[in-house]
Amino acid sequence: MCGIVGYVGPKRAEEILLSGLARLEYRGYDSAGVALLTPNGLRLIRQVGKISNLAQAVQEAGITGNLGIGHTRWATHGLPTEENAHPHCDCTGKIALVHNGIIENHRELREELLSRGHRFRSQTDTEVLVHLVEEEYRGDLVEAVRRAVARAVGAYAIAVVHVDHPQEIVAARLGSPLVAAATPDEGFLASDVPALLPYARAFYFLEEGEVAQILPGGLRVWDRHGRPKEVRLREVPWDPLSAEKAGFRHFMEKEIHEQPRAIADTLRSELSTPWEEGLSGLDLSPVEHICLVACGTSYHAALVAEYLWEPLLGLPVSAEIASEFRYKNPAVGEKTLVVAVSQSGETIDTLMAVRGAKAKGAQVIGVVNVVGSALAREAHAVFYTRAGLEIGVAATKTFTAQIAALELLGLWLARARGLLREEELRQAKERLSRAPRLVEEVLELAPQIEALAQKFYTYPNFLYLGRGLLYPLALEGALKLKEISYIHAEGYAAGEMKHGPIALIHEAMPVVVLYSAQELPEKVLSNMQEVRARRGILLVLADHVNPEVEELADHLLRLPPSSRELLPFTFTPALQLFAYHVARLKGTDVDQPRNLAKTVTVE
Ligand code: AGP
C-alpha cells in the first residue's frame, strides 16, 4: 500500500505533492512526508499522522521548490514514527527516495551496507534502497536506480531524486503500481490516477520491471532489460469532480448514492457490446470449471456469481479467497476459466492467484474498475465496471457494479455455451436493466435506515444471517459494519447458525436477517424462530412481508420486491446505509477507517 507522488516543473512542487497525497490518503495514512529540492539542497519534512499534519509542517517550514517527491505510509516494517516515515535519504543527504512495497531481502542488504560504513536512521525495509542507489551512483541517476533495484528481492514502486539532477525524478516498479504523466513543461508521477486528475487526463502506466525518467515536459521509459520503450499515454475518463464530496458528509455516503449511475453505466457499456466481441480472445470450448478469485468485498461479489452461475451454466463454479487459493496448489489448468474480480486491479493476492493459474494454462477474465491496472493488463479479457473513482476505503458502488458486470458476464457465458437463445439473452438483459431503479427505491429509505442505526449503534456485536444469494450479502453487510464502525459483526449462512453461532444469541444480541420470498423463506423463518426462542433481537430486512415475519421481527425494514437475480441491488444499499449511519453516529473515521488501506499491494 502507501502512496507516492512526484512533481517536476515550474509550479510550487509542495502544493502539488500535498494535494496529490491527500487524494492518495486512502492508500495509507499513518505518517507522511515530502522531499523538496530547494536552493539550499534537499529539504525533508515528515510527520506522523494524516496529510493535514504534514501540510501544516510544510507551511510552517515556509519552503518551496520545483522538484519533489512525497509519500503517505501504511506501515509494514517499523512503527509509524517520524524516522520511519518516507522519504529516506542516503548518507550524503543528496539522494531522497520513497517506496511502496516490501523488500524481502532487506536484512541481508542492511548487514552488507552497514559493513561498508552506511549509516541507517530508520527500521524500515525501504532504507536499504536509498543506500544502494548511493553505492551505484556514478553521475547517471537512471543507471544507479536500475542497478540498485536489481539487487532487491520483493515488491517496489519507488521515486528517487538527487540534488545534482534538479530536473528529473527517476522511478521504477515491480509488483506495486505507478503512473506517470507529462504536460508541455511539467512531469508527474503517482501511485494511482486520482492524485494526478487535476493536472492530467492521459497517463503512462509503468509495466513490471520498468524504469522511468520523469522530466519537465516528457517521460522516458526503459523495459526490464534496459531497452528504451515507446511511451504511449492512455486517456482515463474520470472527472476530477468525482474526487469531491459534492455536499455529502463523507465519500462513502456519496458513493452509496452514486450506485444507480455506476450500475447503469456498467450495464450500458456492456449492453452495447455483442457477447461474441466481449469474449473474443478466449477459447471457451475446453472449459469445464470456473474459478472466481478475489479478496474482501470483491470476494463477496465473486460468491454472488458462484450462486448465480452454477445453475445457469451447468458447470462447477467456485469462488475462492485469492490469498488462500494461490498457496493451496489448486487443481487448475487448461480446462479452467479463472475470473478475477478486483476494484483496484492491483491487489497483490489476486494478481498472484492469476499469475499462478496462468502459469498452469488457465484462461483469465478480469473484472476491474481501474483502467490500465495490472489485472486489466494481465488478463486475457477484461470486463470493466464503470463505477468511476471510489475514494471511501469501504467498497460500495464498486461492489454493486461488480455484481452487475458478473451477472452480465454469466449471461454471455451461457449464450456462448448455447444455453440461452438470443431472445432469452435479450430478455435477461432487460430484467437486469431494472437494477438502477431498484437501488434508487432503496436509497429513498435512507431516513428509516438512519432511524434504525440510531437504535442499534451502541451494541458491541452483531450477527448477519442469509441463505442462498443472501448469504454473500450477509457477509458483505457484516464486513461493512466492522470495517467502518469497529463493531464486531459476523456474517453467517442462516442454516449454519445452529452449528455454533447460536451460542452467541442472548437478549442483547442483534441479529440482522435478510429475508426474501426468493431464497428459502420458510427455512429462514425457522432460523428467525430459533433466534426469537433465545431472546435475540431480530432486525429483519425483508422484500416480502407476511404476518409471521411481522410478528417475529423486533424491527422491520421493507425492501422492494424483485426477482432473484436482482436481490443484490435491493439488500446491499440498505446494508451499506445501515453500516454508514452506525459508524457516523459512533463518530469513527468513515472514509479512512483505522488500519485499512484502499489498495492492498502487500501479501
Ligand atoms: C472492502 O470494503 C475493502 N475495501 C476490501 O475488502 C477490498 O474489497 C479488498 O481489499 C479487495 O480490493 P480490490 O477489489 O481492489 O481487489
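Helix H9 gives the most to the shell around the ligand, with three residues. Helices here (H or I, at least four residues) and strands (E, at least two) are DSSP runs, numbered from the N terminus. The model is predicted: local features need pLDDT of at least 70, side-chain atom pairs count only at pLDDT 80 or more, and totals for chains, interfaces and linings use all residues. Residues are numbered from 1 along each chain as its sequence is written, and side-chain values use heavy atoms, with hydrogens and water left out.

**The ligand**

The shell holds 14 residues. A residue is near a molecule or strand if one of its heavy atoms lies within 4 Å of it. The closest are Ser 298, Ser 342, Ser 344, Thr 347 and Glu 483. Helix H9 (296-313) and helix H17 (470-485) each supply at least two shell residues. By type, the shell divides into five nonpolar, seven polar and two charged residues. Ala, Val, Leu, Ile, Met, Phe, Trp, Tyr, Cys and Pro count as nonpolar, Asp, Glu, Lys and Arg as charged, and the others, Gly among them, as polar.

A polar contact is a pair of N or O atoms within 3.5 Å.

| Side chain | Distance to a ligand oxygen atom |
|---|---|
| Ser 342 | 2.6 Å |
| Thr 347 | 2.5 Å |
| Lys 480 | 3.1 Å |

The protein covers 91% of the 410 Å² of accessible area that the ligand has on its own. Such areas come from the Shrake-Rupley method with a 1.4 Å probe.

**The sheet**

Seven strands form an open sheet. Their order is S5-S6-S7-S8-S12-S13-S14, and the pairing is antiparallel. Two strands pair if DSSP finds at least two bridges between them. At the edges are S5 (88-89) and S14 (228-229), each pairing on one side only. Strands S8 (residues 169-174) and S12 (residues 211-215) run antiparallel and are joined by four bridges. Ile 169 stands opposite Ile 214 in S12.

**Backbone exceptions**

Most residues other than glycine have a negative phi, and most peptide bonds are trans. The bond from His 86 to Pro 87 is cis, with omega near 0 degrees. Pro 87 sits in the loop between strand S4 (67-73) and S5. Arg 535 is not a glycine, yet has a positive phi of about 65 degrees. The place of Arg 535 is the loop between helix H18 (521-533) and strand S24 (537-542).

How values were computed: Polar contact = N/O pair within 3.5 Å; in protein donor to acceptor, adjacent residues only side chain to side chain.
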